[in-house]
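Welcome! Take a moment to look over the protein below, and then we will walk through a few of its features together.

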Amino acid sequence: MSGHEEARAVLADGRFSSDKRKDGFPLFTLDAATLQQLRSQPPLMLGMDGAEHSAARRPVIGEFTVKRLAALRPRIQDIVDHFIDDMLATDRRPVDLVQALSLPVPSLVICELLGVPYTDHDFFQSRTTMMVSRTSMDDRRRAFAELRAYIDDLITRKESEPGDDLFSRQIARQRQEGTLDHAGLVSLAFLLLTAGHETTANMISLGVVGLLSHPEQLTVVKADPGRTPMAVEELLRYFTIADGVTSRLATEDVEIGGVSIKAGEGVIVSMLSANWDPAAFKDPADLDVERGARHHLAFGFGPHQCLGQNLARMELQIVFDTLFRRIPSLRLAVPMEEVPFKADAVIYGVHELPVTW
Ligand code: HEM
């Protein structure tokens, strides 16, 4: 499905399943080993349907409201300023923005969500970076295992010494209801990490590429930071970095946009095509930060629509505002054709982004 209207119709329709363990689910983005691992584990929120999905999502929705997240804003600003201070303090040029800013910012923001103690930040940041970098498969697996063990231990510590964070509140609520589920909380923490880290990091990098390669659009943003939220929506639409994640399986015969889909057939919803559908966005190939692109589908649509979207928006707004205010002469250090884009990844992005000023 590639039209904006059809994509929304599929993603909002309860007759399509998100359960990736079901036979026939179109999992073109996963290799055989990952698929086997997925099928051997209890499903995460992303792979649940109907009432089971609502029951998993409902208790954490309150943690991601605009109001609740506003309390995190000063902390995120500090984190962004800290990494930009480091960039400005170095004599070395060019700087790789991916390592200097895009990867560490969302990693430390997730530390805030999880309530990771300050003394563990370096460990957390180095392992999350390794998990998504162009290192060997062995290194990535080791980082994954170490993080999993760390998160397991962190939740255990919170069970006996609660703090003021998302997981301590989930533990208190589950205790009260008599449903304390340690393994479920570890999986939730890991889901937030995997769903919220690489996505936001890649969007930071591509957003910078998008603005630097369209100087007239950057001028609009620099002239009035009040326009940044709209610019963020347009960048999300333009790049649609998580295009491959919204596949579904029909559980009944359904007709969408004049196409008959039989029960048991898979549907690949291309949000990138939907977000470049001229019926929904005039001249979609133009990056136009003033177009008002809020109806884009970069965060998906329907019951599984991104839980962390308000957090991602806030991070992106703070990063773009702060970066271009503090380093107004920022520019790419290599021609655009030499930027190594992630062409074959599930989440689009860049491996490296050499910048200078
Ligand atoms: C620019 C950054 C991000 C993008 C583009 C993005 C994109 C998406 C998309 C497309 C989905 C829907 C998947 C589907 O329908 O099957 C999704 C779901 C989800 N996202 Fe995000 N995401 C981003 C950041 C975040 C952050 C920061 C968090 C949390 C820390 C997060 C947590 C989640 C979770 C938990 C789900 C599953 C929701 C559910 O199944 O009900 N995401 N995301």
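How much space lies in the second largest pocket? In this predicted model, the second largest pocket holds about 470 Å³ of space. Its lining is made up of 20 residues, and those nearest the pocket's centre are Met48, Ala56, Asp181, Gly184 and Leu188. By kind, the lining residues of this pocket are 13 nonpolar, 4 polar and 3 charged.

Helix 11 gives the most to the lining of the second largest pocket, namely 6 residues.

Helix 10 is also where you will find serine 168. Is serine 168 buried or exposed? Serine 168 has a relative accessible area of 4%, which is under the 20% cut-off, so serine 168 counts as buried. Setting aside neighbours within four places in sequence, serine 168 is in contact with Lys158, Pro162 and Gly163.

Now let us turn to a pair of packed helices. Helix 5 (residues 73-89) packs with helix 7 (residues 104-114) at an angle of about 145°, and their axes are 10 Å apart. The crossing of these two helices is right-handed. On the helix 5 side, the contact is made by Arg75, Ile76, Ile79, Val80 and Phe83, while helix 7 brings Pro104, Val105, Leu108, Val109 and Glu112. The residues of this contact comprise 8 nonpolar, no polar and 2 charged.

Conventions. Residues are numbered from 1 along each chain as its sequence is written. This is a predicted model: local features need pLDDT of at least 70, side-chain atom pairs count only at pLDDT 80 or more; totals for chains, interfaces and linings use all residues. Side-chain values use heavy atoms; hydrogens and water are left out. On a 1 Å grid over the protein atoms alone, a cavity is a set of points where a 1.4 Å probe fits but cannot get out, and a pocket is an open set with protein on both sides within 12 Å along at least five of seven lines; lining residues have an atom within 4 Å of a point. Grid points are joined across faces, edges and corners, and a volume is the space filled by probe spheres set on the points. Helices (H or I, at least four residues) and strands (E, at least two) are DSSP runs, numbered from the N terminus. Ala, Val, Leu, Ile, Met, Phe, Trp, Tyr, Cys and Pro count as nonpolar, Asp, Glu, Lys and Arg as charged, and the others, Gly among them, as polar. Axes are lines fitted to C-alpha atoms, for helices over the stretch in contact, and angles run from 0 to 180 degrees between N-to-C directions. A crossing is left-handed if the near helix is turned anticlockwise from the far one by less than a right angle, and right-handed if clockwise. Contact means heavy atoms within 4.5 Å. Buried means under 20% relative accessible area, exposed over 50%, partly exposed in between (1.4 Å probe, protein chains only).
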